[in-house]
Amino acid sequence: MAQPLRVALLAGLRSPQPARLLPREAAWRYALGAPNFYTTASQDAPPLLEKLKGDLKSAMRAKDAPRLAVLRAIMSANLNASKTATPIQTDVQLVALMRKIQKGAEEAAAEAKTAGREDLVDKEVQQIRILQDYLASSGVESLGETQLKALVQDAVAASQSAGTAAKALVGDVMKRLSGALAGKDVDKKQVIALVKELAGQ
């Protein structure tokens, strides 16, 4: 009887069972993007993303539902981006992603208002404010409308002075602006629309 028991114990030592995660720990690993769920290694993640992961952990502890909703939306969008050819690798890219989420929340708030659902409006507005706070403290420089318009006007004038053809003007202006806009929180679609407006297209 002793020998079989000893063999069984040795077999157990040689083949340890994987440690089980507690429910809360498992939830955190999923929400925070454990290696199983993210294709990008944590050391390559933007600093802002690491901060948001820490805030998500704190929000879970505090049971802060509005902040949790915002942070989970960001993590989900980041996860989706990691499966594409353009994963989020910089704070500037992450801020652009957050701008898209903010725009979606603004559209949802407008639809809820039209439908007379003030409860949903309040929910979306609360999340928009949280996003605005994160964007304001992201460390990524943003350009005001006046600054952006001045840059575009100068670039359009320079391109036209250089004799750029009308069909190639937008592309040429965007190239001229690339250095000035690099590393800044700018919506490229907005810039292109402004270029066309100022160039009379």
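Axes are lines fitted to C-alpha atoms, for helices over the stretch in contact, and angles run from 0 to 180 degrees between N-to-C directions. Helices are DSSP runs (H or I, at least four residues), numbered from the N terminus.

The model is predicted; local features need pLDDT of at least 70, side-chain atom pairs need 80 or more, and totals for chains, interfaces and linings use all residues. Residues are numbered from 1 along each chain, and side-chain values use heavy atoms, without hydrogens and water.

**Entry: α8 and α9.** I looked up helix α8 (residues 169-181) and helix α9 (residues 188-198). Their axes come within 11 Å and cross at roughly 130 degrees. The pair is therefore oblique. In contact (heavy atoms within 4.5 Å), α8 uses Val170, Val173, Met174, Leu177 and Leu181, and α9 uses Val191, Ile192, Val195 and Lys196.

**Entry: α3 and α5.** I found axes within 7 Å of each other, crossing at roughly 55 degrees. α3 and α5 are therefore oblique too. Pro47, Leu48, Leu49 and Leu52 of α3 meet Asp91, Leu94, Val95 and Met98 of α5.

**Entry: α6.** How many residues does helix α6 have? I counted 19, in residues 118-136. Which of them are buried (under 20% relative accessible area, 1.4 Å probe, protein chains only)? I noted Val121, Glu124, Gln127, Ile128, Ile130, Leu131, Tyr134 and Leu135. Their cover includes α3 (47-62), α4 (65-82) and α5 (91-114).

Terms used
Helix = DSSP H or I, 4+ residues; strand = E, 2+ residues; numbered from the N terminus. Expected span 1.5 Å × (residues − 1). Buried < 20%, exposed > 50% of the residue type's maximum accessible area, 1.4 Å probe, protein only. Parallel < 35°, antiparallel > 145°, perpendicular 65-115°, else oblique.
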